[in-house]
Amino acid sequence: MIDVKNTTIRIGKKEIVTDADFHAVPGEITTIIGPNGSGKTTLLKAISGDLAYCGSIRLHGREIASLLPWEMAEMRAVLPQSSSLAFPFTVREVVRFGLTTGRSGNAGKLSEDLVEMALDRVDLAGFTGRFYQELSGGEQQRVQLARVLCQVWEPVAGDTPRYLFLDEPISSLDIRHQLIIMDIARAYTRSGGGVIAVLHDLNLTSMYSDKVLVMQHGRCQAFGAPQDVIEDTLLQSVFECGLRVGAVPAAGGAFVLPQSAQPSQ
Amino acid sequence: MLVLLLAAAAVLSLATGASDASVAAVVRAWVTELLGGHADLSARNRIIINDIRLPRMVLGVLVGASLAVSGAVMQGLFRNPLADPGIVGVSAGASLGAVSVIVLGGTVLSPVTAFAGIYALPFAAFLGGLVSTFLLYRVSTRQGRTSVATMLLAGIALGALAMALTGILIYLADDQQLRDLTFWNMGSLAGATWSKVLAAGPIIVVVLASTSLLASGLNAMTLGEATARHMGLAVQRFKTTAIVVVAAATGAAVAVSGGIGFVGIVVPHLLRLLIGPDHRYLLPASALLGASLLLSADAVARTIVAPAELPIGIITAVVGAPFFLWILLRRRGVLDML
């Protein structure tokens with residue numbers, strides 16, 4: 001499990017995250033929500049091993065500052081908010097990076113098959129030969145997710161559960177693909193892995209999360225099950241906006257909720 | 001196919017020159033002597049082939065390969081196809097190191113030259129290249145992102161500084177040293193000897209062999225430093241290794257041939273169009289094509305105004321500079337976004 005205790009993160013002299021406290025257990029989707037600039041991404045970066053921190057961040061009992069890059073790579077994969085690619089690689093090559101650099105421990109599966117399977121899972125079957133840079137933003141994001149999935153394909157390696165860290169994984173996707181990606185995350189946790197995701201969509205957060213961490217001004221304001229956390233007073237104070245949970249809009253305007261989507265096919 | 005190309009270029013390199021010494025005759029002579037017979041080869045032609053053209057050919061292969069590979073590694077490290085040791089001042093830094101040894105080797109640096117012998121020159125060039133590459137990376141990369149504009153500007157500034165310091169040294173040089181220095185300004189394989197091959201060869205061979213270890217790391221780096229680390233790459237150590245490799249390759253090449261430009265930018269770019277950007281194939285292919293290209297350019301350099309010869313740097317610049325402009329034109333839109 002991932003255990004964050006009294007963690008403070010500074011970038012330069014500025015304190016971005018103050019005294020963060022939460023944990024993410026395998027088998028659950030832990031979602032981080034909060035307004036822009038509240039420190040969500042910074043916290044996720046620190047957990048990914050990108051930033052120095054004070055306090056303690058433990059991954060399966062080991063302080064992550066003491067873990068080597070390849071040790072971390074075996075236990076978790078990270079989907080960044082945005083990715084740039086320097087040279088014209090094909091989709092297949094980008095996804096295969098997930099296999100070549102991490103020691104992915106996906107024994108028994110041919111890497112080429114895994115690339116195809118991962119692309120199929122993110123609904124990009126048949127895209128292998130395309131150039132990454134020619135794809136739309138949403139498609140690129142899903143290629144990156146396929147790469148991330150390849151790195152930690154088996155949610156449990158040996159007896160060690162593995163994690164997906166997803167920073168706004170659905171920010172540039174249409175609603176169908178948002179549901180597909182969140183279903184992937186849910187399936188990953190059902191098979192024993194863990195997921196930490198930064199999300200902006202409160203409906204999807206409430207639909208898919210097992211635990212929600214609410215951040216504001218770099219501090220953790222609440223941590224708990226979605227039905228406990230997603231309520232009027234907390235949301236109004238954190239997002240500084242007159243939100244009302246479960247309130248049906250006045251007659252006239254159409255509204256579409258992901259919760260009401262019928263299972264397709 | 002690239003191997004065949006290199007073989008053809010090698011034969012061309014042996015066969016062309018101001019003298020009419022024939023390769024076929026020499027190869028026949030080698031074979032006869034190998035079989036224990038007595039070859040009928042004029043002493044003059046034997047010297048021309050064995051001691052002038054052959055070391056020149058070997059040096060051309062080594063230098064061409066190391067220029068192209070250091071370009072490819074540097075472009076991978078900076079995640080930018082415009083990075084090239086010649087353009088961003090690394091070659092200038094290496095030249096400064098080499099010129100320091102030539103000018104100060106008899107005085108201030110005499111303990112160094114006495115200790116290092118023929119390796120003093122390549123080693124000093126390596127140090128010069130190392131310092132430049134390291135400074136360049138420190139200045140232009142912040143939080144894992146390299147700014148192209150900063151990189152090019154910093155490279156220009158570093159190059160100008162190194163050239164100014166080189167200028168001061170040249171000002172201090174005596175007549176004999178000036179003669180030695182002249183070829184740095186142009187870049188040339190003329191004056192290739194077996195001892196130059198011995199001085200630079202081992203460094204270049206080690207560097208070329210070690211780049212195979214960098215390939216998958218360079219691939220990971222194309223997604224950015226953070227993602228490379230997430231995928232298990234020890235980024236800091238990798239960058240240090242890559243910088244040392246670039247500096248060693250550039251330093252060794254500059255030490256024996258001066259500043260030959262544009263091979264490092266033209267060759268990898270051409271190959272990315274032909275075989276794709278995967279560094280596992282790009283690096284060895286760059287070595288082969290770089291060697292072939294330099295041998296061909298050298299063959300042109302020594303025949304086009306025979307019996308005199310042009311500095312090879314002029315040939316590579318005449319071909320390379322328009323090519324570089326063409327890359328800039330094609331990527332203009334992309335550059336503006338970075």
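Start in chain B and select α4(B) and α11(B), whose crossing is right-handed. This is a predicted model, so keep that in mind at every stop. To find the pair, pick residues 90–104 of chain B for helix α4 and residues 235–257 of chain B for helix α11; their axes come within 9 Å and cross at roughly 55°. That angle makes α4(B) oblique to α11(B).

Now show side chains where the two helices meet. On α4(B), click B:Val90, B:Ser91, B:Ala94, B:Ser95, B:Gly97 and B:Ala98. Facing them on α11(B) are B:Val246, B:Ala247, B:Thr250, B:Gly251, B:Val254 and B:Ala255.

Where does α9(B) bend? Zoom in on B:Leu213, where the bend is about 45°.

Back to the pair: α9(B) and α11(B) pack at an angle of about 150°, with their axes 9 Å apart. That makes α9(B) roughly antiparallel to α11(B). The crossing here is left-handed.

For the contact itself, here is what to select:

- On α9(B): B:Lys196, B:Ala199, B:Ala200, B:Ile203, B:Ile204, B:Val207, B:Ser210, B:Thr211, B:Leu214 and B:Gly217.
- On α11(B): B:Phe238, B:Thr241, B:Ala242, B:Val245, B:Ala248, B:Ala249, B:Ala252, B:Ala255 and B:Val256.

By class, the contact of α9(B) with α11(B) comes to 14 nonpolar, 4 polar and 1 charged residues.

Time to hop over to chain A. Select α3(A) together with helix α5, residues 137–151 of chain A: the two pack at an angle of about 30°, with their axes 6 Å apart. That makes α3(A) roughly parallel to α5(A), and their crossing is right-handed. From α3(A), the contact uses A:Val91, A:Val94, A:Val95, A:Phe97, A:Gly98 and A:Leu99. From α5(A), pick A:Val143, A:Ala146, A:Arg147, A:Val148, A:Cys150 and A:Gln151. The classes here are 9 nonpolar, 2 polar and 1 charged.

Last stop: show both chains. How many residues of chain A are in contact with chain B? There are 25, and they touch 19 residues of chain B. On the chain A side, select α2 (69–75), β6 (76–79) and α3 (91–100), each of which supplies at least two residues. The biggest giver is α3(A), with 4 residues. Colour that side of chain A by class and you get 13 nonpolar, 9 polar and 3 charged residues.

Technical notes: Residues numbered from 1 in each chain as written. Chains lettered and ligands numbered in written order. Predicted model: local features only at pLDDT ≥ 70, side-chain atom pairs only at ≥ 80, totals over all residues. Contact = placed C-beta atoms within 7 Å. Nonpolar A, V, L, I, M, F, W, Y, C, P; charged D, E, K, R; others polar. Bend = angle between axes of the 7 residues up to and from the residue. Axes fitted to C-alpha atoms, helices over the stretch in contact; angles between N-to-C directions. Parallel < 35°, antiparallel > 145°, perpendicular 65-115°, else oblique. Left-handed = near helix turned anticlockwise from the far one by under 90°.
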